[in-house]
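Open the model in your viewer and follow the selections below in order.

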Amino acid sequence: MSDFEYETELGVRFRDVDAMGHVNNAVYATYLEQARVDYYADVLGVGLDDIDTVLVNLEIDYRSEVALEDGAVTVAMGVREIGESSVTAAYEVRVGERVAATAETVQVYVDPEEGGSRPLPESWVDRMESYRE
């Protein structure tokens, strides 16, 4: 579990659960998104809604179910690669010590006027690298 430098805890909501009685597969993407929101606020000091990034890749591998009775999940997140304009992150969604899912995302910093990617701010890169150490 030490491969992930950041963790956030999220409550399992009634609306997350489908007719099968477990958290719907699509909700895991929302859990990952909330982990990114928390990471950007806590580590970079910026609101994800205040910056121009787009998610360009999302992969999730489901390993075990999460039920409403579990109450909460912990999303562990680790920055794996910092590119010129992109950040690749890996995740584990956990219930206690049990890993319910693993995931990876790639997020790109964009120029809203030009429509293309733009370099990540140096201060972000410095903070992400320092936080990983």
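Select Tyr-131: is this residue buried, partly exposed or exposed? Tyr-131 is partly exposed, at a relative accessible area of 35% (buried means under 20%, exposed over 50%, partly exposed in between; 1.4 Å probe, protein chains only). This is a predicted model, where local features need pLDDT of at least 70 and side-chain atom pairs count only at pLDDT 80 or more, while totals for chains, interfaces and linings use all residues. Residues are numbered from 1 along each chain as its sequence is written, and side-chain values use heavy atoms, with hydrogens and water left out.

Next, color by secondary structure. The chain shows two helices and five strands, in the order β-α-β-β-β-β-α from the N terminus (DSSP runs numbered from the N terminus: helices are H or I with at least four residues, strands E with at least two).

Now show the aromatic rings. There are eight aromatic pairs (rings of Phe, Tyr and Trp, the last by its six-membered ring, with centres within 6.5 Å; planes under 30 degrees apart are stacked, over 60 edge-to-face, the rest tilted). Tyr-6 is in strand β1 (residues 6–11) and Tyr-131 in helix α2 (residues 122–132), so the pair ties together parts 125 residues apart in sequence. Tyr-6 is buried, at 5% relative accessibility.

Move to Tyr-28 and Tyr-62. Their ring centres are 5.1 Å apart and their planes at 80°, so this pair is edge-to-face. Tyr-28 belongs to helix α1 (residues 27–44) and Tyr-62 to strand β2 (residues 53–62). Tyr-28 is buried at 3%; Tyr-62 is partly exposed at 42%.

Finally, select Tyr-6, Tyr-39, Tyr-40, Tyr-109, Trp-124 and Tyr-131, which ring pairs link into a cluster.
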